[in-house]
Structures are given as structure tokens and as C-alpha cells.
Amino acid sequence: MEYEAIIGLEVHVQLKTQTKLFCGCPIEYGALPNSRVCPICLGLPGALPSPNKQAIILTIQTGLMLGSEIAPRGKFDRKNYFYPDMPKNYQISQYDQPLCKGGAVQLYPLAFPKDAQKDPQAQSRKKIRLVRIHLEEDVGKSFHFGDYSGIDFNRAGTPLMEIVSEADIRSPEEAFAYLTALRQILRYGNVSDCDMEKGQLRCDVNVSVKPIGEEKWGTKCEIKNLNSISAVRKALKYEIQRQIHILELGGEISQETLRWDDLKGQTFPMRTKEYAHDYRYFPDPDLLTILTEGELIEEAQKRIPELPEEKKQRLSQHYGLTEYQASVLASDPQLADFFEKAAAQSANKVSVANFLINDYLAVASESETAIPIPPEYFSELSNLVDQGKLHMKQAKEIVKLMVTEKKSPTLIVQEKGLAQITSLDTLDAICKEAIEANPKSVADYRSGKTAAINAIKGYVMKKTKGQANPKIVHELLEKKLHELG
Amino acid sequence: MNLFEYTISELRRLLVRKELSPTELTEALFSRIAEVEPKINAYNYINHERAIERAKTVNVDLPLGGIPIAIKDNINVRAEPCRCASKILEGYLSPYNATVIEKLIKAGAILVGRTNMDEFAMGSSTENSATGLTKNPWDLQRVPGGSSGGSAAAVASHEAFCALGSDTGGSIRQPASFCGCVGLKPTYGRVSRYGLTAFASSLDQIGPLTKTVEDAALLLEVISGFDPNDNTSEKMPVPRFSELLETLSLKNMVLGVPKEYFIEGIDGEVREAINKAIAHFESLGAKIEEVSLPHTPYAVATYYILATAEASANLARFDGIRYGRRSKHYEDLLDYYGKTRDEGFGSEVKRRILLGTYVLSSGYYDAYYLRALKVKEKIKQDFSSVFKKCQALLTPTSPFCAFRIGEKSNDPLQMYLADIFTIAVNLAGICGLSIPCGQSTEGLPIGLQIIGPAWKEEVILALGHLYQKSTGWKPPIPPLEKT
Ligand SMILES: [Zn+2]
């Protein structure tokens, strides 16, 4: 029997604000434990929350970018449960009046994992619909040391946006593509850095399977707290197989909350007690209703940048790039910006794009979002090639050095003595020497084996440590060999 | 006349003219405290040294320059305990000042100590306190009311010139009425709640307890105003309440008497005293009109659903993880929570947490919490429609005078009825003032409640002031004896 999976995602995104959601404490990853706290985010008696306007604006902006409907009135609710890393033992969240409802994320081929980009599903341009987007506060972090535990409340109160998708996703690859496309838009809007290593994007997935054609959905399981896009794919792959396996053996899926063990590559049930709650949501009486119309929506609108699809089209039209080139550059707004700055000073825009796509991206580490060198380096490089001062192979070497040594290509060329020898006088002398030193090749050439010229050329290149301009050398040798009669 | 008998306004005159120094004044108060406190037990904590240090340097030209003040034990003062009269906050020292405390300090007030209360402001007698009972200065066998019983008893027995209390369902006005002093519950949003340990966030409001209405106006002026740290505080201008006291004319003024507040079961002497006070206003030229607030009978039930629901979440933070008293013997985390809270909370607090947890539970939320919110709106509408016809309402503050210690402590429902006339004011978010208006034959004070529309404190204060001026009110010295 063939099965299909039905997948829905809940994504928690840490918003890029200076301060926490309800107090003035700065948000700083890696600060000394409990050094970024105050009576409000510690839940001390009497302390009250004051909402951070910027966090509300960023959430509305996200909704606008994803085509959600913005609620005219948003409200904060208390979600009640006891947990040591939650200072008030209730979390301020949004229950029945989220800031944004609906919307969608558009999948595109490059968003899929590399090994699946050629699959038909990667070409489908499917839209994954959203249920809602709401704003809530993060909790602290527990640490366990042998016979005691400690809690760091620096993260407590950090603004989190929860984005809930419809169960529109049908495969682990689509889940991967959804997260990649979503992350791209969030980075575009400068809403979040989505740095998964820092926990800025965390994901819960709901998954069930059913035989294809069957109407009734299967029992779903939830995998909590996945902290990388590839872990989501792996966990889903495993979990779908696990569920199918149970069904094939005639078993029943029990509704469970699972965690993913990345090392073991397996999902495990969590103690059900931990999540079997009646959260007793009720409106937080400390916080007023948020009226979004007017200032908040206007501010959010002002922040909306050119979105990925628009950027792709513009890049390919304006710079004459292929769809693939435009797509790669547009995958990261900073990379696209960088390209545009570099291209502005270069006669050969396509060559700049190629250096970035084929050479730079291979060198730069994946997690690096900010490009550590000025864009002028790439325009300089492509101009050097165009002027015949560097050949392609040298240029590719220079890209590596530019990134690792953070030096301009001109400086690298000078320091390494890499400049091409284009002086006719110098080359003429070396070519003459080469002909004298390779009588056999000369004889071969003259007898009609024209390929023998390469051996002579090789002598020149060796003699000049590869710096001779190959085109000029070729022309000179041909001329000299013909002169010999 | 002893120095401790003075009102704030009288003391201000002496201080500004340098006829009295803040240090002399503070010392005089401390000797009164030393004399009276063993009988009353109004304070949970006294900081003599800190008060005297402050008195030496305070600027008397400030609005409350040199005036000592007592603070209810649920309002945070930096480096002081804020126990809320609970075992669970044993040993807790607050690291920050409530907004009202910042305002008082800026206005030159001298903080004397913390007054006793019902644990987490839950109660009407100050019997639910982990730090012991407070006695009513008019009869030491009786309760001072609550939950701000310590503040009311301290002011009435002249061991405080003035005090701050908090009022969620009558916790300022009812003890003021029981002890024979003045108590004001401001409009919701008038005074910042930042730093007030929350009982029911949508109803709590800090307010003054004083010897005269004039003093209440002075104090309200200082503590009022929008606070960016309290999302529910309002950006309303703060009138100069103390300067508006004399501007009121009773001509064309209609005072409403809600018939639902004169029910069966109201004490005969209380009824008589209130009728006399109403007649007094009439004799001064006010038009008296009977009005109806039809949803009054639902106020107590509505209150106990909404207040306990909010309290169940507000008090969840007391878990022994970050601060406060912790249980020493436990098996696992859940057991730790259970034991810490079981050992730390008193029975009334537990009862209300359970009730609040219940009404918010899935399956009950709509029937209780949501319905209570709707009734709250009805109660609010009741008041807005009567305030179209009249400028203020006159009612008893409490249906009875101070009751005996232990008389109602085993009967929560009877105890809840002590706030039957004050609760609706909190639900409607409007303002209410309690002033003394006579005594029972047993010598117990009776309180008149003057209820005003939202943001009209100046009207109820002026009415109260007029009453006190025209009846020649002098803050009496209670006997401090068992009768
Ligand atoms: Zn903070």
C-alpha cells in the first residue's frame, strides 16, 4: 500500500528587537547568566509588563509579507502552567485573537534540499497556507549539574513569533523547503536573523500518515523543539517510516509528543505528563487590547522590503542573469545587496555573479550571514580579468585569498607577484628561448602536428610561473614558427 | 494637643514655617507607635533608623516634605520586606520601588514601615495574616476590617498620619469604615499599580487612608498619574484635588441613593446613621433621589469569579524557585511546588486559588469566567446610567460595624458579605470614598460611602470634605480598650 504524510509546522522565531517583549532588558546571546534580567522578566511580585511596540510591528510586518490578514484588535492572554524556567508560571501569549490570520509561504525549487531540487515536487511552486501568527514571550533556560539545577533567565521575556502552518505539507522535503522559504522572507524583512544555532528559529512538527486515497486522517504525533532545518527533514523521514511501519504491521498509532535525538537518529516519546495540560488561557488583565490600525500597521508597512520573488525577477532582467543565478543571489538579501554593489562598478555583471556563486559561496562558511569583505573587491577582480591582467584560474585563486586574508585583489596580485606578463618584449624573448629549447616539438609542428605548439607553450608558462598571458604567448609562438618557414 | 493627633495639612503648615522639624515629628510618631503598637499590632515592619535618617535631610518645601507615611505590606519598597502578610514571602527583600513609592519619595514623604493586611489582600478582617492579628482601636476584641486593616488601624489610632492601602473589592473603604478613618479607592487606572503585588489585576487600585478628606486629597494628588510601567494606567490629567475641595456647590447637585444598598440584613444603627448623613446633604442644598442599580445582587458572585481567576495566575509565581520560603522536604519538582505552596499559603489564599483555577478550567470557562465578564459590563452600565441623573451616590460602606475577632473567620460566605457594598465600585472601575458618619451605641464607627463616576475623584472628595467641615469633624482618639 502507498502512504502519504500530512505535516503541519509550528515555527518559533525570535524577533530582532533591542529589548525584551515586556521590559527594557537588552537581548544578548551568550551574556553572563542572569545578567540581563529585571523585576519584570524575573516575575517578581508587583512587576508589570509593558509591551514592546517594535515586537508588535515586526509581527504585523511578517503577516503583511506573508499575505496574512492583520487583526484590527490583538490581545494578550495568559497561558498557565508550572515550569521552573518560566518566572511567572504563566506565559504571556496570544490565544484567540492573534495579530495575524491566514497567509501563505510560496515554495520554489532552490528552497528544497540540494538532492531533491530535481524532483517533480521541487518544481511544483506549491503554496503552504498559514493558520496564524502570534506573539509571545520566551522562557528561561534550565541547566542540570549533577544533583542540582540552575536557571538562566536572560532569555526569559525575549519576543517570539509563532507561525502556525496548515497541514498542507506532504513530505520531509516540502517541510525543508517551507522552512527555507520562510526563513528567507524573515531575513529579507530583517524581522529575525533566524540563526538556528542560537535558537532563533525553533520548530515543532505535527505528522500523521494515511493510505493514499483514504479520506480519514491518521493519528498525529508531535515532534517538539527541532532546532535545525535538516533535523526537521531527518526527524520527519524517520517518523513517517515509523508510523507506516506500525500501520503495515496492523498496529495503531498512539497520539504522542515526541522528541528527536539527532545523534541516534530516532524519535522518542516525551513523558506525557509534561505536556498534558489544561492551560486555562484567559485575557491578561495587565495588558490592554492592541489596536493595530493606524500607526502600527503603517510602521510595519514602511519596513517591508522588496521580497525574494520580486528581487529574482529584477536581478535577472536588470543584470542579464539566468534564473538560476538570480535565484541563488536572491536567496540571501545580503548576498543580493552585495552583488548589486559589486556589479555597479563592474563592466561585466555576469562575471561578478559567477564569481560570487561559483567561487565565493564555496569559500564562505554556510553560517556566515555577513560578507566580511567590501563588494568593490569583486568588481575590481572582474575588471582585472576583463582587462586581461588575470586569467580565470588565477582569479578563482584570488577569491579564496580575498576572503581569508581580507585583502583587495590588486594588493594580492602585487604581493604574490601574480600579475600576468603581457609585455611583448619580455614574452618575445622567452618564446624565442622556448623554440630553441624544444627542437623536437618545433619539428613536429612544422610537419603538421599543430598540437605540438602546446608543449612549447607549456615551457613558456613554466618559465613564467604561469603568469604569461596564454593568449599572447600562443599568438607569438605561432608567428615565430611560421617565420621559421 | 499631642503632635500625633495632627492631620497632614496642619503638620504641613508647621513644617513649612519651621515651627516643627521632620525629625521631631518623626520621633513624636515613633513614641506614639511605641505606646500603641503593642495593643494594635498594625505594623509588620518598622524601620525607625531609615525614617530618622531621611527626616534629617528631607526638603520640607516639597508637597509632602517631612510627612511620615505607613505603607501596606503588598507595595514594594526597595531593600524592605514585602511579605504581603504571607509565610511564603518570609525573608524576601524587594529590589525595587513601586511607582507610588517613587512618587512619595520625590514628594518628600518619610516611609515609616509596613502595615498588616490579610494575606495577599484576600480577606475583610486582617485575620488572615501570617504576622498576627491587628486589633480595632475602638474595641480591641474586634477586627479592623481588611484587607488594609493595618493601614486603617494605624491611622485611626494615630500611629500613622496617613497610609497607603490597596482596594480590590473594598479593602481600603471597608477597614476605613470599621476603624473610623477616611479611605479612598481611586478610579481604575488613576494610580499606577507597578510595584503593587497583584491580587486581581483588573480590580486592584492603590489609595490613601487618612484622618480627613483634605489629607486624602493631598495624598491622591501625589500618587496619581500615568505610568509607562503600568499598561493599564490612563493618560488622564491629574487635577489639583486639594485645591478643588472648596469649589463644590450643592445647588443643582443630585445625589443618588441606590435602593439595592438598603436591603434586609443591614444593621439598624448603620441604616440610621446613613439616613442621617443623607439628610445632612439634603439640608445643605443637595437634591436626593432614589436610583436603582439592578445588577447589584450579582456583584459578589461576579467578583469572586473574576478576582479569584486572576489571583490563581497572579499567585502562581510564588513557587519557591526564585525567591521566598521553600519547602525543605520534597521528592521531585511537582512535590516541591506542592509542599512549598501548601506550607507557604494560608487557607483563604488556597481557597481562592482553587476557586480561580476551577472557573478557568476547560469546560467551565464559558459558564463562569466569560459570564462573569458579561455581568461586570452590566454592572458598569448600571452605574453609567445612574450617573446621567446624579453626580454621586450615597451608600453605607459596610452593612455592619466591626465584628468580633473570630466571629466570621470560619464562615467564608459571611466574610465575603462584608464587602457587599464596596465590590461593585471595583467591578465598574469607578471611584469611592468612605468617611466616618457616626457611631453605634457600642461606640463603633460607621462609614458613609460616596461613589463617583470614573475620573471624578474631585467630586466625591469635595462632598466628603463638605460633610466633614459642616459637621465639625475632628479625628477622634479611640479608647484602645476592650469593651
Ligand atoms: Zn527584564
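Phi is positive here, about 55°, although B:Leu480 is not a glycine. Most residues other than glycine have a negative phi. The residue counts as buried, because its relative accessible area is 8% and the cut-off is under 20%. Keep in mind while you look around that this is a predicted model.

A:Asn34 is not a glycine, yet its phi is positive, near 60°. You'll find A:Asn34 in the loop between β1 and α1 of chain A. Is A:Asn34 buried or partly exposed? With a relative accessible area of 34%, A:Asn34 is partly exposed, since that value falls between the 20% limit for buried and the 50% limit for exposed.

The peptide bond joining B:Gly146 and B:Ser147 is cis, with omega at about 10°. Most peptide bonds are trans. B:Ser147 belongs to the loop between β3 (110-115) and α5 (149-156) of chain B.

Now for the metal. Which residues hold the zinc ion? Its protein donors are the SG atoms of A:Cys23, A:Cys25, A:Cys38 and A:Cys41, at 2.3 to 2.4 Å from the ion. If you read along the sequence, the donor residues follow the spacing C-x1-C-x12-C-x2-C. One pair links distant parts of the chain: A:Cys23 and A:Cys38 are 15 residues apart, and both are in the loop between β1 (3-14) and α1 (53-65) of chain A. Why is the arrangement called tetrahedral? The angles between the four donor atoms run from 101 to 114°, and four donors count as tetrahedral because all their angles lie between 85 and 135 degrees. Two of these cysteines can also be checked for burial: A:Cys23 is buried at a relative accessible area of 10%, and A:Cys38 is buried at 16%.

Next, let's look at how helices pack. Two packed helices are described by the angle between their axes and the distance between the axes. Start with α5 (residues 308-319) of chain A, which packs against α7 (residues 333-344) of chain A at an angle of about 15°, the axes being 12 Å apart. Angles under 35 degrees count as roughly parallel, so α5(A) and α7(A) are roughly parallel to each other. Their crossing is left-handed. On the α5(A) side the contact involves A:Lys311, A:Arg314, A:Leu315 and A:Tyr319, which meet residues of α7(A) including A:Phe339 and A:Glu340.

Helix α5(A) has another partner, α6 (residues 323-330) of chain A. The axes of α5(A) and α6(A) come within 8 Å and cross at roughly 135°, and that makes α5(A) oblique to α6(A). This crossing is right-handed. Among the residues that make the contact are A:Lys311 and A:Leu315 of α5(A), together with A:Ala326 and A:Leu329 of α6(A).

Helix α2 (residues 22-40) and helix α3 (residues 48-57) of chain B have axes that come within 8 Å and cross at roughly 160°. Angles over 145 degrees count as roughly antiparallel, so that is the word for α2(B) and α3(B). The crossing of α2(B) and α3(B) is right-handed. The residues in contact include B:Thr26 and B:Phe30 of α2(B) and B:Ala51 and B:Ile52 of α3(B).

Finally, pick out two residues of chain B and see who their neighbours are. B:Ile101 lies in helix α4 (residues 99-106) and is buried, with a relative accessible area of 0%. Leaving aside neighbours within four places in sequence, B:Ile101 is in contact with B:Ile71, B:Ile75, B:Asn76, B:Val77 and B:Leu111.

B:Lys259 is placed in the loop between β7 (254-258) and α8 (268-283) of chain B, and at 45% relative accessibility it counts as partly exposed. Its contacts, again leaving aside neighbours within four places in sequence, are with B:Glu290, B:Val291 and B:Ser292. B:Lys259 and B:Thr395 are 136 residues apart in sequence, and their C-alpha atoms are 9.1 Å apart in space.

Key
Residues are numbered from 1 along each chain as its sequence is written. Chains are lettered from A and ligands numbered from 1 in the order in which they are written. This is a predicted model: local features need pLDDT of at least 70, side-chain atom pairs count only at pLDDT 80 or more; totals for chains, interfaces and linings use all residues. Side-chain values use heavy atoms; hydrogens and water are left out. Donors are N, O and S atoms within 2.8 Å of the metal (3.2 Å for Na, K and Ca); water is not among the atoms, so sites may look incomplete. Four donors count as tetrahedral if all angles lie between 85 and 135 degrees; four count as square planar and six as octahedral if opposite donors are over 155 degrees apart and all others between 65 and 115; anything else is irregular. Helices (H or I, at least four residues) and strands (E, at least two) are DSSP runs, numbered from the N terminus. Buried means under 20% relative accessible area, exposed over 50%, partly exposed in between (1.4 Å probe, protein chains only). Axes are lines fitted to C-alpha atoms, for helices over the stretch in contact, and angles run from 0 to 180 degrees between N-to-C directions. Angles under 35 degrees count as roughly parallel, over 145 as roughly antiparallel, 65 to 115 as roughly perpendicular and the rest as oblique. A crossing is left-handed if the near helix is turned anticlockwise from the far one by less than a right angle, and right-handed if clockwise. Contact means heavy atoms within 4.5 Å.
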